[in-house]
Amino acid sequence: MSSEMPAERLEVPMGNGTLPEIPAVEGEVKSSESPVERPAAGSDKEEHLEPVSKRQRKKLLKQKQWEEQKDLRRQKRKEKRQKRKLDRQSKSDSSTEGTGRKRTRRAVVPSTLRLIVDCSFDDLMALKDVKKLHKQIQRCYAENRKACHPVQFYLTSHGGQLKSNMNEADKGWVNWKDIQIRAEHYSELVKKEDLVYLTSDSPDVLSELDEKKAYVIGGLVDHNHHKGVTYGRAVEQGIGHAQLPLGNFVKMNSRKVLAVNHVFEIILAYLEKRDWKEAFFSVLPRRKGAVPLGEASDLSKHAPPGKEDEDKDSDSS
C-alpha cells in the first residue's frame, strides 16, 4: 500500500477494560503542531507588548512637544530680533536728537588749519607729567576725529619719555588716523612764515584764526615751573606768536591754566561756531568757575600780558 493511505487503526480487545490506543503517528503530529499555535518567547509580538518606563514616556513626550513647538520658537526668536533692532534705532534717534553728532558728522568739512603739539619739552617734565600730557594728546585726537571741521593734526619732536609711555600704555597709537606723528621738529616740517606759537606770554592777542597758518601748542605740563619758556622759544626762533583772547570774554575764579587739550578743543569749537565766547564756554571746565565778561568792560580792565593772562592757553605758560 502507498504511504498516502490512512494507517490502519489498531484495535485491542476490550475485555481487559483498557481503552483503545490512539494511533502513534497521529499522536506525534498533534503533539508537534500544538507549540506552533503559541508565540515563541522573545518574538516581535512580545516585544511590542513590553511596558515603557515612566522616564522614557516623559522623554518621548518632551521630544514630541519640542518638535511641535519648533515653529513657535522660531517666531519668538524673530520677534526678539526685531525688538532689539527697534530698541537700537530708538536709542540712536534719541542720541542724535540730544547731541546732533550724527547729523554733524555727515557734514564734515576738514579745515586746512594746521595744529601742532610741540613735544620738545620732554626733558623738562617728570614722568607723572609726561603721562598727563599723553592723556591730553589722546583727548585732542578723539575730539579732532569727531569735529565738524577737523584740523591737520601734528605731533612733532615725538620721542623720549612720551613715546616710551605711549608704547607702554597705548600701543594702538601707531594706527591712529588723520594725524602726523613725527620725530622731526616743527621747523623742519612747516615754513617759518606760516608758524604761530600760542603762548600766554605773547603781547599779541588773536582776533581771528588764519586757516593758512600752522598754530603751535606747547606740549608742556609743568604747573608754571618754567614760566615763559614757550614764548622764549618762539622769539628765539623768530616765528610768530599770540595768545588766545581768553581775557576778553572770560573771568575765572581759579588759576588761568588751560591744558593742551583745552586749547585744542577751543580752536575746534571756534572753527565751528566762529565766535570766541561760545567757543570758550563750550570747552572750559566748570570747576574753573568761568564767568562771561562784557567785551567793553573787560577791555578797560585788561591787565598787561604776562600778569593777568599768564598760563591762559596751556600748562606750558
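Author: We start with two helices, H9 and helix H10 (residues 276-283), which pack at an angle of about 135 degrees with their axes 8 Å apart. This is a predicted model, where local features need pLDDT of at least 70, side-chain atom pairs count only at pLDDT 80 or more, and totals for chains, interfaces and linings use all residues. Residues are numbered from 1 along each chain as its sequence is written, and side-chain values use heavy atoms, with hydrogens and water left out.

Reader: What are helices and strands here, and how are axes and angles defined?

Author: Axes are lines fitted to C-alpha atoms, for helices over the stretch in contact, and angles run from 0 to 180 degrees between N-to-C directions. Helices (H or I, at least four residues) and strands (E, at least two) are DSSP runs, numbered from the N terminus.

Reader: Are H9 and H10 parallel or oblique to each other?

Author: Angles under 35 degrees count as roughly parallel, over 145 as roughly antiparallel, 65 to 115 as roughly perpendicular and the rest as oblique. The angle of H9 with H10 is about 135 degrees. H9 and H10 are therefore oblique.

Reader: How do helix H6 (residues 127-145) and helix H9 (residues 260-273) pack?

Author: Their axes are 8 Å apart, at an angle of about 15 degrees. That makes H6, relative to H9, roughly parallel.

Reader: Which residues of H9 make the contact with H6?

Author: Contact means heavy atoms within 4.5 Å. H6 brings Leu 133, Gln 136, Arg 139, Cys 140, Glu 143 and Asn 144. From H9 come Val 260, Asn 261, Phe 264, Glu 265 and Leu 268.

Reader: Which residues of H8 are buried, and why do they line one face?

Author: Buried means under 20% relative accessible area, exposed over 50%, partly exposed in between (1.4 Å probe, protein chains only). Seen down the axis of H8, the buried residues fall within an arc of 140 degrees, so they line one face of the helix. The arc is that of the directions from the helix axis to the C-beta atoms. The buried residues are Val 229, Thr 230 and Ala 234.

Reader: Where does Asp 222 lie, and is it buried or exposed?

Author: Asp 222 sits in the loop between strand S5 (214-218) and helix H8 (229-237). Its relative accessible area is 2%, so Asp 222 is buried.

Reader: How many helices and strands does the chain have?

Author: The chain has 317 residues, and 36% of them count as buried. The count is 11 helices and eight strands.
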